[in-house]
Amino acid sequence: MFENIASNRRKTVLIIILFIAFITAFGFAIGYYLDYRFGISSGYSIIVMIFAFILAVILSFGSYYYSDKIVLQITGARQVSKEEQPRLYYMVEGLSMAAGLPMPKIYVLEEPGMNAFATGRNPSNSVVALTRGLINNLDDNELKGVIAHELSHIKNYDILLGAIIIVLVGMVTIISNIIFRSFIFGGGRRSSSKSTGGGIFNIIFLVIGLALIILSPIIAMIIRLAVSRQREYLADSNGALITRYPAGLANALKKINIYSEVKKANNATEHMFIASPFGKETKSFFSGLFNTHPPVSERIKRLEHMSLQIGIKSDEEIMADMRHIK
Amino acid sequence: MLAAILAPIIIVVVIIVILLIAAIAIYNGIISLRNRIDNAWSQIDVQLRKRYDLIPNLVETVKGYAAHEKETLEKVIKARNMGIDATTVEDQSKAENMITGTLKSLFAVSEQYPDLKADQHFTRLMEELNGIEGNIAFARQFYNDSVLQYNTKIQTFPGNIFAGRFGFTPRQYFEIEEPQAKEPVKVQF
């Protein structure tokens, strides 16, 4: 477990360094462009690069402190009080005690689909968010299983990495888009330049442009590698250790697998949910390689194995529980 | 010549340094486990206090509807006072088991009073007490896990060397003794 925390810290630092390097390079590119426009000796490349570097550092610190709030904003989650949701409140309070964690804040997403996620920068500043559909359709043991799974993510510091990735990678994607577009639409004018420097400049921009075309899938790959699917299995088994009842989470996953869509979710936030917020996963091998989540059936199988089949609900029982929705 | 004299000295010094570092690591490990137990205990304590605060309230509410269940009510109060006075883990767990047991019989009694069951204040109290009951179970789980880790560490090699020297003694588990207390309090409305 401690290796896992250390590895998550390393990855977080790596992502931040990559982000700062990218923004600095971007600043240098703009400066270089200005130098080219106003004469090589004007020194814009250095000035803009330093400015970009400072901005990147500020943005990184900002995302460290505010990423969870940004994530909650994106998903439209709302904090609930003890009076509103006493059942939920006592479950989260009790389970966080069992996990040896400070109590996280509870947020609810007004969505009929069943899903959940955790976010925050550390256990003292953490959030567990659940959809309305999840609260309404799961029994106590199942809900405890899901909450314990999310608490394990908090304990393993998966949440910090996940939130930082969403904010920083999101910004890089936006900037990439801006450069890419300016490259496409501004390319014609630049190529008409008659100076010899223009030739070199065009080549450099061409290289940047090509790099960005390659970059987007690489960014996607970084997300998928950084949030390895192994951590879902780990959170499942740690969660089961907190509740001492693996069947609860197994049954919950069976239900979640039926209807897990979250409308407010997107590609950037996909990886932090307990199950894919885009509904049932495709079975093909190739798309399977790029899934952020391991197949739910495999996770259920492992939990059933852990529970020695005690308390596992049959498909009929799950369907009977679910009959009143939709 | 000089190297031949120095080599064994250096080796001995290196070994001593390594052993010292290992000893510090083990000692610190034991201390942090012991602190975790204290922290876990304070969490149980918080939940227990909450329950103590709710009980007089509950008793008053029940009195209004079921005054002649005096015996049951007195038992609840007595168990609560025992819990407040308890100083050792053993006494505390005994008292808590008693509170859980007496509350259970109080809830059973309340079943016979439809007016009481319809009382909103009573319903809310029951809800809170049930929540706290569950929380105590989870807090106890974490406490006992921590005690298990700590006790194992100071009773096995090499931790046991330190246990004697620095006076680390095994801690007590928070146990459930009475069989009827093992089930969480279930309430039907």
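What should the 14 residues of helix α8 (residues 230-243) of chain A span at 1.5 Å a residue, and how far apart are its end C-alpha atoms? The first legend answers this for the predicted model shown above.

Throughout, residues are numbered from 1 along each chain as its sequence is written, while chains are lettered from A and ligands numbered from 1 in the order in which they are written. As this is a predicted model, local features need pLDDT of at least 70 and side-chain atom pairs count only at pLDDT 80 or more, whereas totals for chains, interfaces and linings use all residues.

**View 1. Helix α8 of chain A and the residue that follows.** The helix should span 20 Å, and its end C-alpha atoms are 20 Å apart, which agrees. The expected span is 1.5 Å times one less than the number of residues in the helix. Helices (H or I, at least four residues) and strands (E, at least two) are DSSP runs numbered from the N terminus. Among the buried residues of α8(A) are A:Arg231, A:Glu232, A:Asp236 and A:Ile242. A residue is buried if 20 or more other C-beta atoms lie within 10 Å of its own, exposed if 12 or fewer, and partly exposed in between, with C-beta atoms placed from the backbone. Just after α8(A), A:Arg244 adopts a positive phi of about 60°.

**View 2. The open sheet of chain A.** Four strands are arranged in the order β1-β2-β4-β3, with mixed pairing. Strands β1 (78-79) and β3 of chain A stand at the edges with a single partner strand each, so one side of each has no neighbour in the sheet. Two strands pair if DSSP finds at least two bridges between them.

**View 3. The β3-β4 hairpin of chain A.** Strand β3 (residues 116-122) has 5 of its 7 residues buried. It pairs with strand β4 (residues 125-131) of chain A in the antiparallel sense over 6 bridges, and a hairpin of 2 residues joins β3(A) to β4(A). A:Gly120 stands opposite A:Ser126, and A:Phe117 stands opposite A:Ala129.

**View 4. Helices against the sheet of chain A.** Helix α2 (residues 44-75) of chain A lies across β2 (105-109), β3 and β4 of chain A, at about 160° to β3(A). Helix α5 (residues 140-155) of chain A also packs on the sheet, where it touches β3 and β4 of chain A and makes about 25° with the direction of β3(A). Contact requires C-beta atoms, placed from the backbone, within 7 Å. Axes are lines fitted to C-alpha atoms, for helices over the stretch in contact, and angles run from 0 to 180 degrees between N-to-C directions.

View 5. Chain B has 6 helices and 0 strands. Its radius of gyration is 25 Å, well over the 16 Å that the globule rule gives for 189 residues, so chain B is more spread out than a compact globule. The radius is taken over C-alpha atoms, and the rule is 2.2 Å times the number of residues to the power 0.38. B:Asp85 belongs to helix α2 (residues 70-85) of chain B and is exposed, because 10 other C-beta atoms lie within 10 Å. The C-alpha atoms of B:Asp85 and B:Ala95 are separated by 9.2 Å. The mean pLDDT (the predictor's confidence in each residue, from 0 to 100) of chain B is 85.

Methods
Two residues are in contact if their C-beta atoms, placed from the backbone, lie within 7 Å.
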